[in-house]
Amino acid sequence: MNNGQSTTREERFAHGLEVLQKVDGEAGQRVVDSLADISPELGHQIVAWAFGEIYDRPGLAPRDRQLVTLGMLTALGGCEAQLDVHVNAALNVGLTAEQITEALLHSAVYCGIPKALNATFAAKKVFAERGLLPLGQQPTQETPATSA
């Protein structure tokens, strides 16, 4: 993080790239690379500002930042490509597939079922690619056994 020190544009980018690679790995780099022929400046800002300045702030742990990000992308809707990257990132920073699924289920209350479904299907794609399906059985409510 900058911590108030003056840095060059190149230094900010290099720092952001380190953070991006720790969090998003190849998926983040693919996003930046895909912008090279249309908007390299947007790619630069994603790396230098979003990851180097904002994502690397000390106030939240990376797993918490990913939970917030997943919730916001779900709420926005139409962000399935970004959800793909951030579901991978959430796994990379220590969230489990079950925790991600639970967060997306929780989002149905606040964002609506259609948006939660779209986000869950984006997560399912990532989980399948990473060999994480099927997830464990969800607990069911059972009637306690009574003795006869």
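Visitor: In which helix is the place of Ser107?
Guide: The model shown here is predicted. Within it, Ser107 belongs to a helix that spans residues 97–111. That helix is α6.

Visitor: Is Ser107 buried or exposed, and at what relative accessibility?
Guide: Buried means under 20% relative accessible area. Ser107 falls under that cut-off, so Ser107 counts as buried, its relative accessibility being 7%.

Visitor: Which backbone oxygen lies 2.5 Å from a polar atom of the Ser107 side chain?
Guide: Ser107 touches Thr74, Gly112 and Ala116, if residues up to four places away in sequence are not counted. The 2.5 Å distance, from a polar atom of the Ser107 side chain to a backbone oxygen, involves another residue of the chain, Leu104.

Visitor: How do the axes of helix α1 and helix α2 cross, and what is that arrangement called?
Guide: The axes of α1 (residues 9–23) and α2 (residues 25–34) come within 5 Å. Their crossing angle is roughly 130 degrees.

Visitor: Which residues of α2 make the contact with α1?
Guide: On the α1 side, the contact is made by Leu17, Leu20, Gln21 and Val23. By class, the contact has four nonpolar, four polar and no charged residues. The α2 residues are Gly25, Gly28, Gln29 and Val32.

Visitor: Where does Gln66 lie, and which residues does Gln66 contact?
Guide: Gln66 is part of helix α4 (residues 62–76). Gln66 counts as buried because its relative accessibility is 0%. Leaving aside neighbours within four places in sequence, its contacts are Val23, Tyr55, His86, Ala89, Ala90, Val93 and Leu95.

Visitor: What separates the C-alpha atoms of Ala90 and Leu67?
Guide: Ala90 sits in helix α5 (residues 80–92) and is buried, with a relative accessible area of 0%. Not counting residues up to four places away in sequence, Ala90 touches Gln66, Leu70, Leu95 and Ile100. Ala90 and Leu67 are 23 residues apart along the chain, and their C-alpha atoms are separated by 7.3 Å.

Visitor: Is the peptide bond from Leu133 to Pro134 cis or trans, and what is omega near?
Guide: Pro134 is located in the segment after α7 (113–129). Most peptide bonds are trans. The bond from Leu133 to Pro134 is cis, with omega near -5 degrees.

Note on methods:
Residues numbered from 1 in each chain as written. Predicted model: local features only at pLDDT ≥ 70, side-chain atom pairs only at ≥ 80, totals over all residues. Heavy atoms only, no water. Helix = DSSP H or I, 4+ residues; strand = E, 2+ residues; numbered from the N terminus. Buried < 20%, exposed > 50% of the residue type's maximum accessible area, 1.4 Å probe, protein only. Polar contact = N/O pair within 3.5 Å; in protein donor to acceptor, adjacent residues only side chain to side chain. Contact = heavy atoms within 4.5 Å. Axes fitted to C-alpha atoms, helices over the stretch in contact; angles between N-to-C directions. Nonpolar A, V, L, I, M, F, W, Y, C, P; charged D, E, K, R; others polar.
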